[in-house]
Amino acid sequence: MRAIVVGGSIGGLTAALLLRNLGFQVDVFERTPAPLDNRGGGIVLQPMTMKWFDRHSSRRIEELSVASNWLRYLGPSDDVLYEGAFQWRSTSWGTVYRALLGDFGGEHYHLAEMCVGVSQDHDSVELRFVTGRVEKADLVVFADGITSTGRRRLYPHVQARYSGYVGWRGTVREDQVSATTRAVLADAVSYSLAPHTQAVMYTIPGMDGELDRGERLLNYVWYRNVADGPELHELVTDVRGFENPVSLHPGSVQQRFIDEMRAAAAEQLAPAFAEVIVRTEQPFLQVVSDVRIPGMVDRRVALIGDAAFSVRPHPAAGSAKAAADAWTLYEHLGTHPGGIVAALRAWEPGQLELGTRLLDRAAAMGERSQVTSTWVPGDPDLLPGLYGPGR
């Protein structure tokens, strides 16, 4: 049988590798014209994200990630308001992507292929691409992110709901900040809180996967409230004059907004955070939104990851959710006696419940930090993870 995965990011590659393990002939179609890059910054690794690298991959997760041993809250003078033992691993999005792509190989990974149409009959699914390409398969998995073609075709009424705030993101090499800042942020997932805003920072591998101190990257997300309407539309208009409702890539944010953001960091955040943010050459922007979907299956078509539920980054579980969707799909397809359609039908309810629960938790975490400001140092619900405290 043949399977097609639309979207070649972490979730899509995980699904493709697992489907190939089941014996499917698998092709991945990615809309970008070149291999995906590091602009996604860092991710905190959940058990599901790491599962492929336990006995299945040519790489070990220790080769791809940095360990953190502390959860740390910093005060206005870099004083430690709270510190607790916290063992986690973090990595860059690009490091995991390159490792998964290395395992999958390039022969059946097709770039510059934007899927625009999908239809199906009793026996197969047909996909149509901007290039004029037409492909058929027994199973199609859409893992094409928050702007998913599959979701728009299956559920055209579903729209993203803006959260009320954006996430400023960026990375800086450790050796480009002061020794004091390196010491304050060392070996920890660190937070800086202020009324109606928060920032999180942790260390990830370097641009080419470097793990040596000094060559690694300090990665951050800073959530800032921005009113919906003209204020938001102006902010997300890039340097070319085009609005970007999902994200602005490095180099595309208007300089006046970068200048304002840097000045605000110095006023609102711990000095170590402010130094990293000010030294970021090309910060980029994520519009934080929720996408809730009523279903993840239409006969031989499945939606996974952000193509189904797009959740706020606070639980650090977006990549884990995509991986969980892929692994449970693999398990159902491998064990269900009724074939593809029946296996997808059995798989869907559990993943809908998981996505709904994660979306609700992420929204509650965002409300507490950005609206009510009720988070306090040591709050167990702040710990990132779909599987950890605060579940």
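Reply:
**A salt bridge and its surroundings**

Glu83 and Arg72 form a salt bridge through their side chains, at 2.7 Å from N to O. A salt bridge here is a side-chain nitrogen of Lys or Arg within 4 Å of a carboxyl oxygen of Asp or Glu. Side chains of opposite charge can pair when their charged atoms come close. The pair links distant parts of the chain: Arg72 belongs to strand β4 (residues 66-74) and Glu83 to strand β5, 11 residues apart. Helices (H or I, at least four residues) and strands (E, at least two) are DSSP runs, numbered from the N terminus.

This is a predicted model, in which local features need pLDDT of at least 70, side-chain atom pairs count only at pLDDT 80 or more, and totals for chains, interfaces and linings use all residues. Residues are numbered from 1 along each chain as its sequence is written, and side-chain values use heavy atoms, with hydrogens and water left out.

Glu83 is partly exposed at 39% relative accessible area, whereas Arg72 counts as buried at 7%. Buried means under 20% relative accessible area, exposed over 50%, and partly exposed in between (1.4 Å probe, protein chains only).

Strand β5 (80-92) leads on to other elements. It pairs with β3 in the antiparallel sense over 4 bridges; two strands pair if DSSP finds at least two bridges between them. Ser92 in β5 is the bridge partner of Gly42. Gly42 and Val44 point one way from β3, Ile43 and Leu45 point the other way, and all are buried. In a regular strand the side chains alternate between the two faces of the sheet.

Helix α3 (residues 93-104) has 12 residues and should span 16 Å at 1.5 Å a residue; its end C-alpha atoms are 17 Å apart, which agrees. The expected span of a helix is 1.5 Å times one less than its number of residues. Of the 12 residues of α3, 10 are buried, among them Trp93, Tyr97, Leu100 and Phe104. Their cover includes α1 (10-21), β2, β3 (42-45), β5 and β6. Just after α3, Gly105 takes a positive phi of about 90 degrees.

Two of those covering strands, β2 and β6, also belong to an open sheet of 6 strands with mixed pairing, in the order β6-β2-β1-β10-β18-β17. Strands β6 (109-110) and β17 (297-298) stand at the edges with a single partner strand each, so one side of each is left without a neighbour in the sheet. Strand β2 (residues 25-29) pairs with β6 in the parallel sense over 2 bridges, and Val28 stands opposite Tyr109 in β6.

Strand β3 and helix α1 also lie among the elements that cover the buried residues of α9, together with α2 (47-50), β10 (139-142) and α10 (340-372). Ser319 lies in helix α9 (residues 318-335) and is buried, with a relative accessible area of 19%. Leaving aside neighbours within four places in sequence, Ser319 is in contact with Ile10, Ile43 and Thr49; contact means heavy atoms within 4.5 Å. The 18 residues of α9 should span 26 Å at 1.5 Å a residue, and the end C-alpha atoms of α9 are 26 Å apart, which agrees.

The structure holds 23 salt bridges. One of them joins Glu135 to Arg133, with the closest N and O atoms 2.7 Å apart. Glu135 counts as buried at 12% relative accessibility, while Arg133 counts as partly exposed at 28%.

A word on confidence. The average pLDDT (the predictor's confidence in each residue, from 0 to 100) is 92, and 96% of the residues score at least 70. Over residues 385-391 the pLDDT is below 50, and this stretch has 22 contacts in the model beyond near neighbours in sequence. Where pLDDT is low, the predicted coordinates should not be read in detail.
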